[in-house]
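Here is a short report for a first look at this complex. Keep the structure in view while you read.

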Amino acid sequence: MSATRPRPSRIGDALAQVGACGLFLFQLIGAIPKSLRHIKETIRQVWFVGAMSLVIIMTCGLFVGMVLGLQLYDVLSRFGSAAMSGTVVALALYRELGPVVTALLFAGRAGTSITAEIGLMRATDQLAAMEMMAVDPLAYVATPRFLAGIVAMPLLVCVFNALAILGAHVVCVTWLGLDNGTFWSNMTTNVDVWTDVVNGVWKSAAFGAVVALIAVFQGYTTPPTSEGVAYATTRTVVFSSIAVLALDFVMTAFLT
Amino acid sequence: MSAANAPERTDALVQVRGLSTELNGKTIFDRLDLDVPRGKITAIMGPSGTGKTTLLRHITGQLMPDAGEIRVDGHNVPTLARGELFDLREKIGYLFQNSALLTDFTVFENVAFPLRQHLKLPEEILRNIVLTKLQAVGLRGAAELMPSELSGGMARRVALARAIVRDPMLILYDEPFVGLDPIALNQILKLIRTLNDTLGITSILVAHEFAAVGRAADHVYLIAGGKVAAQGTPAELARGESDWTRQFFGGEADGPVPFQYPARDYAADLGFPPSGRTERAR
Amino acid sequence: MAQRRSYQVGTGLFILLGFAALAYLATQTTSVANFRQGDTYTLKASFTNIGQLKLRSPVKLAGVRIGSVSAIELDPVKLQASVKLSIDRHYSELPDDSSAAIFTSGLLGDQYVGVQPGGSPDMFKDGDEFLLTQSSLQLEDLIGKFLVSGSPKPAEQDAAKPSADNHQKE
């Protein structure tokens, strides 16, 4: 197996890279059965990709919830509907902000580290060494990280949302004086498990797949130089941000 | 170049016939023929950029040649399916130039890696095998260190322990002496010799250092210009009967391998009237 | 290996945390939270227009939640909305001449069924129907009427009498 080395300097190359990324997805999916033999590696990656992102996700979730609470309480009060603050916060979070913000943070925190790690493994011949030990690096290195992204993202989104609701509750109820019962009962009547919460979970799993795919692809195909790895991490953040927002639009159009 | 004293075909573990490769528009090999006898240490030498590492990658099927046949233990590598290739690779050890240890595992886990991936051994047996191999390279005490805590020579010895952990029939050494101090160099050299003598492992050694190679190798191929430029025992080559061997082993700056990279007319490049002198192409 | 073990435990905790968060979101912040009601009994009420009333909208008496909307159907004969209300057994002492009305909390808020207690000595039994109902206040109707009649206070008049037209809001 030789590494393909795309140079996205020209416009045609960008298209070629999208194509290569798509083919890479099929390779990853094809390697899933083999990677189940390395299930421990997948578990380890869930730890690195997911649990290690918890702190940033929880902090950002809390602040996003507090800001949403402040803004929405202020705006809704003008229409005499401050009681709806909790509902709007929850709906905005579950349907959009939770998955999207978490995916962007995930790309910055976990995506870059996946790209850099795989890129350095390529640069230091670790991937070639696995090939030589008759271990398929696609099944041992790439696919576990891809799967870990799919598993970890929905869980991170749930944590993010829970913290954001808490933040909004602190602002609206404790700080701005909205009635506690009103906050919750309004939310519970208007938020639906399936259309809001579960759809958000599907969405975030898709985002996790996209971010992890791009991160693994960039790391796997980067030129094995320090410059190459640096560019690849940048590209991971840029491409996965674009891909997440575009996919968000498509999924929102089809899911709701 | 005709092979004057080519070993008999039957005892060659690796046979290369008519190998041709082009990489990025540059011809690396041009109908190369080469035999690696079983149970011996064969050195492959040559100026930088002649594709010695590429040859190793051909032998292990990491890179497919444009044409030619590479038989390893009877299997023609370029035609093998991925699964068969992996089966073959389980019998080959490969020592990378930069050791290529897995950075997030300890020394012990690095050496244990091939065993864990391919065999379901009880932990106790696995531990014994790994410690035996580490003892062989003199690093049993370093078992719990991380690769980042090792010096270059130690990392290479760990990589060697990992390469032999499954008792391969063939070991490929890619530039094992580069960047080592004389002590570490001699340690590696001794290991290569010992492994070959005690385990009867066939070895292919790619290196520049003729002094070191001369002490280890049974047979030396000098590759230049995509072909075998000279071959023989180290002593034969050291006598320097051709331009190639004289330049390479004598370490002359100019010769069949030109000092000047092919270029335009020198005077014209500097803006003077052309002198008609161009640097000759290789 | 001790190292590997701790990863597995850590990953397990992480996954547990994620599912706990999901469970919290699903059960505490959504309509699922309203399902955990104990014993209920059902009352029926017909409205000419239910506006934005939805399944599981709250039923309130004096502002206190006493149950929720359990079914909304269109009565094919009367062409009215037939709404079933699940009332908590805890509040079984409702006079049978109580009235039900659809209110909006706030200007743009959620709609709910408000119960005004009557004075009858007899109490509602399971399956009884509210005789007095008052439909949802249609903001569009009010504005329309205000524009046509030029009446300064259309809201009060209309709120007292449910609008007779079967204007179906989308």
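In this predicted model, the largest nonpolar core holds 165 residues. Six of its members touch the most other members: Val211(A), Val216(A), Leu172(B), Leu205(B), Val213(B) and Leu222(B). Helix 7 of chain A, residues 137–175, gives the most to this core, with 26 residues. A second core is separate and has 20 residues, including Leu43(C), Ala100(C), Ala101(C) and Phe124(C). In soluble globular proteins, nonpolar side chains tend to be buried together.

Take Leu205(B) as an example. Neighbours within four places in sequence are left aside here. Leu205(B) is then in contact with Ile41(B), Thr42(B), Ala43(B), Tyr173(B), Ile192(B), Val213(B), Ala216(B) and Ala217(B). Val213(B) is itself one of the core members that touch the most others.

Now turn to Pro274(B). Is Pro274(B) buried or exposed? Pro274(B) counts as exposed because it has 12 C-beta neighbours inside 10 Å, and a residue with 12 or fewer is exposed. Pro274(B) sits in the segment after helix 10 of chain B, residues 266–269. Leaving aside neighbours within four places in sequence, Pro274(B) is in contact with Asp265(B), Ala267(B) and Ala268(B). Arg264(B) is 10 residues from Pro274(B) along the chain, and their C-alpha atoms are separated by 10.0 Å.

Next come the contacts between chains. Chain B brings 15 residues into contact with 12 residues of chain A. On the chain B side, helix 2 (82–89) and helix 3 (107–118) each give two or more residues. Helix 3 of chain B has the largest share, 4 residues. Chain C meets chain A too, with 30 residues in contact with 31 of chain A. Helix 1 of chain C, residues 2–28, supplies the largest share of the chain C side, 14 residues.

How confident is the predictor? For the complex, the predictor gives an ipTM of 0.84 and a pTM of 0.78. Chain C averages a pLDDT of 76, and 78% of the residues score at least 70. Over residues 157–170 of chain C, the pLDDT is below 50. This stretch still has 17 contacts in the model beyond near neighbours in sequence. Where pLDDT is low, the predicted coordinates should not be read in detail.

How values were computed. Residues are numbered from 1 along each chain as its sequence is written. Chains are lettered from A and ligands numbered from 1 in the order in which they are written. This is a predicted model: local features need pLDDT of at least 70, side-chain atom pairs count only at pLDDT 80 or more; totals for chains, interfaces and linings use all residues. Two residues are in contact if their C-beta atoms, placed from the backbone, lie within 7 Å. pLDDT is the predictor's confidence in each residue, from 0 to 100. A nonpolar core is a set of buried Ala, Val, Leu, Ile, Met, Phe, Trp, Tyr and Cys residues joined through C-beta atoms within 7 Å.
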